[in-house]
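Subject: Two-chain model, with notes

Hello,

Here is the model we talked about. Please open it in your viewer and keep it beside this note.

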Amino acid sequence: MKWKILIVDDSNVVKAVLMKALGESGAPIQRVFDASNGREALDILRAESIDLVFADINMPVMNGVELVESMADDPALKDIPVIMISTDGSVSRREYLQSKGVRAYVRKPFTPEQIRSVVREVMLGR
Amino acid sequence: MAVDILLSSRAMENAVVSVLNDMAATRAAVIKPEKLPCFDQTLMHAHITFEGQSSGELGLLMDPGFAAELASRILGVDKSGDLLQEMIVDAVKELLNVICGQFLTQRFGYEPAFTLGVPRVFPLSAQVCNALLKGPSILIFQSGDFIMPAYVRVKVQTA
């Protein structure tokens with residue numbers, strides 16, 4: 001089975017770097033979707049069968065925390081694994097996001113090795 | 001007050017040096033303010049605000065050529081000339097965003113949660129840059145032939 005992945009970040013640079021890292025990770029990817037904020041992400045999540053979400057926290061319109069809260073409240077979306085990628089180092093915010101179902105948290109700047117490792121951990125349990 | 005400024009300056013120095021190295025494989029070091037040249041061309045001004053237990057702002061002033069070089073390194077593109085201006089600006093915004101996150105952790109630790117503003121990048125004339133750099137809380141970084149002034153201002157202790 002190949003995965004459909006959604007990247008949610010308002011930075012085109014982060015999207016490009018993350019897409020490159022995912023491409024080099026060896027993960028079985030069918031297609032990568034992208035959104036610039038939480039609201040766009042919810043539209044895609046409700047229209048497509050997404051297997052994994054990467055999301056930033058600080059975004060305009062709807063931020064990453066609000067996106068995670070909306071997904072947690074939606075029975076159709078609550079089980080989709082989410083990996084947060086953010087500059088935010090706050091332990092309390094990280095714990096809150098994990099309580100809402102976030103599977104992993106990667107702090108920017110990230111390396112391709114970190115992306116490969118976190119994808120394996122979240123999707124394959126190793 | 002003087003201790004606060006010193007702590008903020010040190011945190012900013014560490015954040016800028018580590019993020020340039022980690023994101024753009026670029027070495028930078030702080031140089032003495034006396035070595036700051038008088039700029040004669042428009043620079044790119046990147047600015048971000050933060051709010052939380054304290055509020056404040058960070059900024060970088062950089063030569064457009066340095067911005068293009070950093071963007072090409074961040075994106076892993078060989079020639080910076082191939083990059084669209086939009087991608088260069090986006091790369092500078094993201095660089096400052098990450099620097100701000102690192103600065104906040106270095107300065108205030110892992111407990112408090114901060115909200116970052118959306119980074120803005122805009123051109124600033126040489127005249128305005130030179131005037132701005134006469135103010136307090138300025139750090140001067142050198143990377144290769146490029147000089148990159150930066151500033152950090154922690155405005156309000158609201159805790």
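This is a predicted model: local features need pLDDT of at least 70, side-chain atom pairs count only at pLDDT 80 or more; totals for chains, interfaces and linings use all residues.

**Chain A: overall**

Chain A has 5 helices and 5 strands. Along the sequence they follow the pattern β-α-β-α-β-α-β-α-β-α. The C-alpha trace spans about 30 × 30 × 30 Å along its principal axes. The radius of gyration is 13 Å; a compact globule of 126 residues would have one near 14 Å, so chain A agrees with that expectation. Buried residues make up 39% of the chain. Of the contacts between residues at least 6 apart in sequence, 61% join residues at least 24 apart.

Confidence first, before the details. The mean pLDDT of chain A is 93, and 99% of its residues reach 70 or more. Among its elements, helix 2 (residues 38-47) has the highest mean, 97. Helix 5 (residues 112-124) has the lowest, 90.

**Chain A: helix 1**

Helix 1 of chain A covers residues 12-24. Its 13 residues reach 18 Å from first C-alpha to last, close to the 18 Å expected at 1.5 Å a residue. Which of its residues are buried? They are A:Val13, A:Val14, A:Lys15, A:Val17, A:Leu18 and A:Leu22. Note that a lysine, A:Lys15, is in that list. An α-helix has 3.6 residues a turn, so residues three or four places apart point the same way.

What do these buried residues pack against? Within chain A, they pack against strand 1 (3-8), strand 2 (29-35), strand 3 and helix 5. From chain B, helix 2 and helix 3 join in. After helix 1 of chain A comes A:Gly26, with a positive phi near 85°.

Two residues are worth a look in the loop between strand 3 (52-55) and helix 3 (64-73) of chain A: A:Met59 and A:Val61. Are they buried or exposed? A:Met59 has 25 C-beta neighbours inside 10 Å, so it counts as buried; the cut-off is 20 or more. A:Val61 has 11, so it counts as exposed; there the cut-off is 12 or fewer.

A:Asp9 is 50 residues away in sequence, yet the two C-alpha atoms are 6.8 Å apart. Leaving out residues up to four places away, A:Met59 touches A:Asp9, A:Asp10, A:Asn37, A:Gly38 and A:Gly64.

**Chain B: overall**

Chain B has 4 helices and 7 strands. From the N terminus, the order is α-β-β-β-α-α-β-β-α-β-β. The C-alpha trace spans about 45 × 30 × 25 Å along its principal axes. For 159 residues, a compact globule would have a radius of gyration near 15 Å; chain B has 15 Å, so it agrees. Here, 39% of the residues count as buried. Residues 24 or more positions apart account for 72% of the contacts with a separation of 6 or more.

**The core**

The largest nonpolar core holds 76 residues. B:Ala91, B:Val92 and B:Ile99 touch the most other members. Helix 3 of chain B gives the largest share of this core, 13 residues. Nonpolar side chains tend to be buried together in soluble globular proteins. Take B:Val92: not counting residues up to four places away, it touches B:Met44, B:Ala46, B:Ala67 and B:Val121.

**The interface**

At the interface, 24 residues of chain B are in contact with 18 residues of chain A. Helix 1 (2-24), helix 2 (64-75) and helix 3 (85-108) of chain B each supply at least two residues of chain B's side. Helix 3 gives the largest share, 11 residues. By class, that side has 15 nonpolar, 4 polar and 5 charged residues.

Most residues other than glycine have a negative phi, and most peptide bonds are trans.

- A:Val61 has a positive phi, near 70°.
- B:Ala25 has a positive phi of about 45°. It sits in the loop between helix 1 and strand 1 (29-31) of chain B, and is exposed, with 11 other C-beta atoms within 10 Å.
- The peptide bond from A:Lys108 to A:Pro109 is cis, with omega near 0°. A:Pro109 lies in the loop between strand 5 (104-107) and helix 5 of chain A.

Best wishes

How values were computed: Residues are numbered from 1 along each chain as its sequence is written. Chains are lettered from A and ligands numbered from 1 in the order in which they are written. Two residues are in contact if their C-beta atoms, placed from the backbone, lie within 7 Å. Ala, Val, Leu, Ile, Met, Phe, Trp, Tyr, Cys and Pro count as nonpolar, Asp, Glu, Lys and Arg as charged, and the others, Gly among them, as polar. The radius of gyration is taken over C-alpha atoms; the globule rule is 2.2 Å times the number of residues to the power 0.38. A nonpolar core is a set of buried Ala, Val, Leu, Ile, Met, Phe, Trp, Tyr and Cys residues joined through C-beta atoms within 7 Å. pLDDT is the predictor's confidence in each residue, from 0 to 100. The expected span of a helix is 1.5 Å times one less than its number of residues.
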